[in-house]
Amino acid sequence: MPAKKRTVRIGNWYKSDDEKVHFVRKRKAPRPAKLRKIVPGQVLILLSGRFQGKRVVFLKQLKSGLLLVTGPFKINGVPLKRVNSAYVIPTSTKVDVTGVNANQIDDDYFKRTQAQRRKNEQGFWAKRGELTAEQQTAEKTRLDGKRNTQKSVDAALITAIKKTQLLKQYLGARFTIGKTTRPHELVF
Amino acid sequence: MKGQADQKKEATKTVKKVKTTNKSAPVRLWVKAAFTGFRRSKVQQNENQALLKIQHVEDVASSRFYWGKRVAYIYKAHTLQNNTKFRTIWGRISKSHGANGVVIARFGRNLPPRAIGSTLRVFLYPNRA
């Protein structure tokens with residue numbers, strides 16, 4: 001019996017030599033992260049970063065999967081902030097957030113503006129980093145807007161917090177590991 | 001002494017404007033762990049796997065909490081790097097070792113042997129809860 005001839009299929013299209021094709025990852029949209037047992041209004045402990053140990057109130061999960069939290073700012077200095085759920089310990093304490101409206105806040109709220117990026121420039125680009133007068137006023141209005149958003153979101157939250165005894169002090173205190181603390185035995 | 005009084009007033013005025021710094025005590029969000037050595041037999045060792053004895057962890061069930069947690073070995077050097085003289089080697093706890101709570105950690109670069117006996121920081125993240 002004659003051996004079967006192996007045929008190699010030659011493609012019909014040949015790329016030109018000078019054409020450079022970027023490697024494109026197929027997954028562009030972030031997968032919506034699963035929220036494991038964290039409920040809006042729950043108090044979380046931040047584990048790393050500038051506010052490590054602070055107890056904050058969870059508001060909602062953003063589209064990127066990050067958690068939107070707030071101190072509230074007046075109580076412990078933590079502003080509206082995005083946090084990765086892996087860098088957080090959820091506690092059993094819950095705050096009533098039915099009156100809190102954080103609907104207008106999404107990932108774009110936290111995007112860095114060009115003026116911000118310019119401000120951080122150093123060295124060769126330092127001259128370009130100085131903001132023009134109109135950029136400065138734009139920055140000022142942007143920051144004022146942020147302050148107002150913070151205040152409006154926190155207002156309802158603070159009235160809810162004041163109803164529970166010692167909750168304000170609890171949120172103002174930081175979590176720390178002492179000499180005899182065993183995190184693997186702690187029930188948060 | 002009107003001039004002096006005015007100067008004092010100015011001084012107190014400016015002091016009021018200065019923001020008060022954070023005076024709270026530093027918090028510790030990491031657990032102490034002793035680097036007891038590399039995983040080894042009597043005459044041979046594997047430097048890729050570091051044995052860590054985490055404080056207050058005495059059995060395998062407790063050590064399971066620390067699986068996946070990030071560990072840092074922090075040391076000082078003479079020259080500045082990233083504006084600081086402190087340097088770190090990061091790793092993760094990969095598995096338990098034995099019955100008494102010892103864990104094995106793997107680092108980005110293997111730990112230097114002079115770190116044996118030193119305290120490493122086991123952080124509480126990533127939190128798998």
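**View 1. Asp59(B) is partly exposed, at 33% relative accessibility.** Partly exposed lies between buried, under 20% relative accessible area, and exposed, over 50% (1.4 Å probe, protein chains only). The model is predicted: local features need pLDDT of at least 70, side-chain atom pairs count only at pLDDT 80 or more, and totals for chains, interfaces and linings use all residues. Residues are numbered from 1 along each chain as its sequence is written, chains are lettered from A in the order in which they are written, and side-chain values use heavy atoms, without hydrogens and water. Asp59(B) sits in the loop between strand S2 (45-54) and helix H2 (60-63) of chain B. Helices (H or I, at least four residues) and strands (E, at least two) are DSSP runs, numbered from the N terminus. Leaving out residues up to four places away in sequence, Asp59(B) touches Ala99(B), Asn100(B) and Gly101(B). Contact means heavy atoms within 4.5 Å. The C-alpha atoms of Asp59(B) and Asn100(B) are 4.3 Å apart, although 41 residues separate the two along the chain.

**View 2. H4(A) bends by about 30° at Asp154(A).** The bend is the angle between axes fitted to the seven residues ending at a residue and the seven starting there. Asp154(A) is one of the buried residues of H4(A), as are Val153(A) and Leu157(A). Cover for the buried residues of H4(A) includes strand S2 (55-61), strand S3 (67-70) and helix H5 (167-172) of chain A.
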